[in-house]
Structures are given as C-alpha cells and as structure tokens.
Amino acid sequence: MISSDRARTSTASFKTVRFREGTGVGRRDYATSSSGSCLHPYASGAGSQGRSPVAELYEYPDSSGNGRQPWLVTDIIRLVRQEDVWDAESAERYDTPGIGMFSPEVLGPTVDRLAALAGSGRVLEFAIGTGRVAVPLAQRGVTVTGIELSRPMIEQLRTKVDEATVPVVVGDMATARAPGEYTLVYLVYNTISNLLSQAEQVACFRNASRHLTPGGRFVIELWVPELRTLPPVQQATVSQSEPGYIGLDTYDVLHQRIVSHHFTFGSGKEARVFRSPHRYIWPAELDLMGQLAGFKLETRHADWAGTEFDSGSRSHVSVYRLASWVAPVGRKGIDPRQRPRLDTIHDARV
Ligand SMILES: C[S@@+](CC[C@H](N)C(=O)[O-])C[C@H]1O[C@@H](n2cnc3c(N)ncnc32)[C@H](O)[C@@H]1O
C-alpha cells in the first residue's frame, strides 16, 4: 500500500437508529437512487458491541439535548466524515458477488468500456473501494492503480489482489497524488457526489488532470438529479420501495445536497438503516467543472453499453478528454496538465 498524508479530514456523519442485531443485508444488497442508479451498499448503524464512530450518527434522541433530531440534511452533512461512513462494517458488507452492482450485467459492460478506453495505457481509479471494477479490469491485463480514503475498504481489496498487482494510495481523491502518469482516470458509481462541496468536486477534476498524459481521459459515472420528483412543499422523495426495502432521499435544494436513507426491514418491527450524503451535480455543471480543469466532454451515454443519453436518462457515463496539446507555428504549445486558462486553450487552437 502506498501511503499518503493527504487524507481528508472533513468533519461530520450520521446517527443511530435501533435495529435488530443480525438483520443481514437483504436481497437488494445495494441501495438505488431515485434515478435507479446505485448509490451505496447498505450498512448498519452500530451493534451493541464494538461501537464504531459512525454509530453516533444514528443516535436517537438527539444527544445534544436540544430536542432537535439530527436527521436534517444540513445536520447530517455537518456531522459526516466519509472515512466513518466507509468503516469496517460497511466494507465487510460491500461486496455482493454476482448480485446488484457486482452482477455480470453491470460489471461486464463497465469493464469492457474502460478496458477499451485504456488501450495499452496505465489506468487510475479514484475511490477504488474494494476493487469491484479495478480487480476485473486488472484481470483483463490493464495496469490499474487506486486512490482510496477508507482503509477498511482497501483491506477488503487486499483479500483479492496484492499491492504489486493493484497499488493503492491512501488519501483523498481531490488532492492525493499517485505516482506516475496515466492515460485514463475513472470515478464510477456516483462517487464524485461523495465530495460535498463544489470546490472539492472541481478539485477532483483538477486532480484527475494532474495525473493524465496529454490527451488523457477522465470518465465519470453519475446519476442525473431527480428534482422533478420533488414537489415544492416536500422535503423527501421515495427513491425505491419494494418488499423488505425502502429508500428515501431528503433534499437541501439550497445547497444542492441530498441524504439517501436506506431502510432494510427484517422480521419484527425493527429495520437497518444506512445513510449517505451527496452533493448532486447536473450534467452541465459537471461539464463546466471539466472545463475549469482543462477537459472537454468527448462522449456522454446513458450507460456503459453506449445507450444514447437524452432528457429521460437517469444516469450517465461521461468521458472527458484533456484539451489537445496544439503548438501553433512559432509559438510554444500548451501542456493541459498546467491547467491553462480556457481562453489560452482557445488561443492555442487558432
Ligand atoms: C460507492 S463506493 C465505490 C467504490 C468503487 N469505486 C466501486 O465502484 O465499487 C464509494 C467509495 O468512495 C470512497 N471515498 C469517498 N470519498 C472519498 C474521497 N474523498 N477520496 C477517496 N475515496 C473516497 C469510499 O471510501 C468508498 O470506498
């Protein structure tokens, strides 16, 4: 494991709801956003033993004693730390071989497309997690490195591949630097939304740019915000409802954030809950973030198989490419990795 001292130290997280010990992850091993795209695996609050830091995020009633329950989006965002959300328990529950996001129908086209984009170049995955995508990609012969904040997630990855096969830098994908240069950086499964401010999301684009060779690509998989399903007087939408599971998204439209609440029911009256905070991004805003980092949108599809993206699409796979390195006659060319101003890029093309 490559170490990095740039791990993020943001503040915050969730709370605890009583749930039945031993209530396992159900048939739906992955939560699904209102868009139908998966956001996160279920996780519990805390057990009676081995209380994790994230347990405090599920406290009921509010331990501050001010009578206010910390379920509002703003409270949860204020409390959340990604490294607490992605703790040992979440990491252990993450993989669901053959099911949900680990099913061949999902993983097959994902790995096919990334392998095609990688060609013979080296590849970097931001937020590599337990290696859901990186491991099969490496098995295809692609050289993959990762950046990941959560050590427990990396520990799960290490049960599948060693450090020589898939090296990982421990750190924040908005700032951490992995050694070397890459022709492809990718960030999948809606994970750019785990960065909870616009500034961090832009920094993430810039960090991708920093790692790429000229003409390199940055691929993002992200859901399309479903604000049309949120009436003005309502604070939450039901993202999915099916036997044994209900998902609710609560909104803070002012700050462009949601918290996804995933409830899994067992027998009796108790349920398991997992909450994940996100900053949602419109495709157009994502493109602008790309421009700020020297990228141009190359393609956008509704899925990994290349389905056309249209106004009804609920998710997208967007491929950004570093602006071409063009050396006009008599002038020195611009290296996109230096993050030139957009007008400078334009000037260079003339
Ligand atoms: C939904 S999982 C996705 C994991 C993997 N990419 C996949 O497709 O299965 C989100 C991952 O992002 C990681 N993560 C969240 N914020 C991060 C950050 N700022 N820097 C690096 N990793 C982060 C979490 O620890 C977790 O492993």
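This is a dialogue on how to read several features of a predicted model.

Q: How many helices and strands does the protein have, and what percentage of its residues is buried?

A: The protein has nine helices and 13 strands, and buried residues make up 43% of its 350 residues. Of the contacts with a separation of 6 or more, 68% are between residues 24 or more positions apart.

Q: Which residues of helix H8 are buried, and why do they lie on the same side of H8?

A: An α-helix has 3.6 residues a turn, so residues three or four places apart point the same way. In H8, which spans residues 283–292, the buried residues are Leu286, Met289 and Gly290. They cover an arc of only 100° around the axis, which puts them on the same side of H8. These buried residues pack against helix H7 (198–211), strand S7 (212–223), strand S12 (295–301) and strand S13 (315–322). After H8 comes Gly294, whose phi is positive, near 90°.

Q: Which residues of helix H6 are buried, and what covers them?

A: In H6, residues 151–158, the buried residues are Met153, Ile154, Gln156 and Leu157. Because they cover an arc of only 155° around the axis, they are on the same side of H6. Among the elements that cover them are helix H3 (88–94), strand S4 (143–148) and strand S5 (168–170).

Q: Is Val85 buried or exposed, and how far apart in space are Val85 and Ser276?

A: A residue counts as buried if 20 or more other C-beta atoms lie within 10 Å of its own. Val85, which lies in helix H2 (residues 82–85), is buried because it has 23 other C-beta atoms within 10 Å. Although Val85 and Ser276 are 191 residues apart in sequence, they are 7.5 Å apart in space, C-alpha to C-alpha.

Q: How many bridges join strands S8 and S9, and in which direction do the strands run?

A: Strand S8 (residues 236–242) and strand S9 (residues 245–252) run antiparallel and are joined by six bridges. One of the pairings links Ala236 to its bridge partner in S9, Thr250. The hairpin of S8 and S9 has two residues between the strands, and in this hairpin Gly244 takes a positive phi near 85°.

Q: How many residues surround the ligand, and which are the closest?

A: The ligand is surrounded by 22 residues, of which the closest are Trp86, Ala127, Gly129, Arg132 and Ser150. Sorted by class, the shell around the ligand has twelve nonpolar, six polar and four charged residues.

Note on methods: Residues are numbered from 1 along each chain as its sequence is written. This is a predicted model: local features need pLDDT of at least 70, side-chain atom pairs count only at pLDDT 80 or more; totals for chains, interfaces and linings use all residues. A residue is buried if 20 or more other C-beta atoms lie within 10 Å of its own, exposed if 12 or fewer, and partly exposed in between; C-beta atoms are placed from the backbone. Helices (H or I, at least four residues) and strands (E, at least two) are DSSP runs, numbered from the N terminus. The arc is that of the directions from the helix axis to the C-beta atoms. Two residues are in contact if their C-beta atoms, placed from the backbone, lie within 7 Å. Two strands pair if DSSP finds at least two bridges between them. A residue is near a molecule or strand if its C-beta atom, placed from the backbone, lies within 6 Å of it. Ala, Val, Leu, Ile, Met, Phe, Trp, Tyr, Cys and Pro count as nonpolar, Asp, Glu, Lys and Arg as charged, and the others, Gly among them, as polar.
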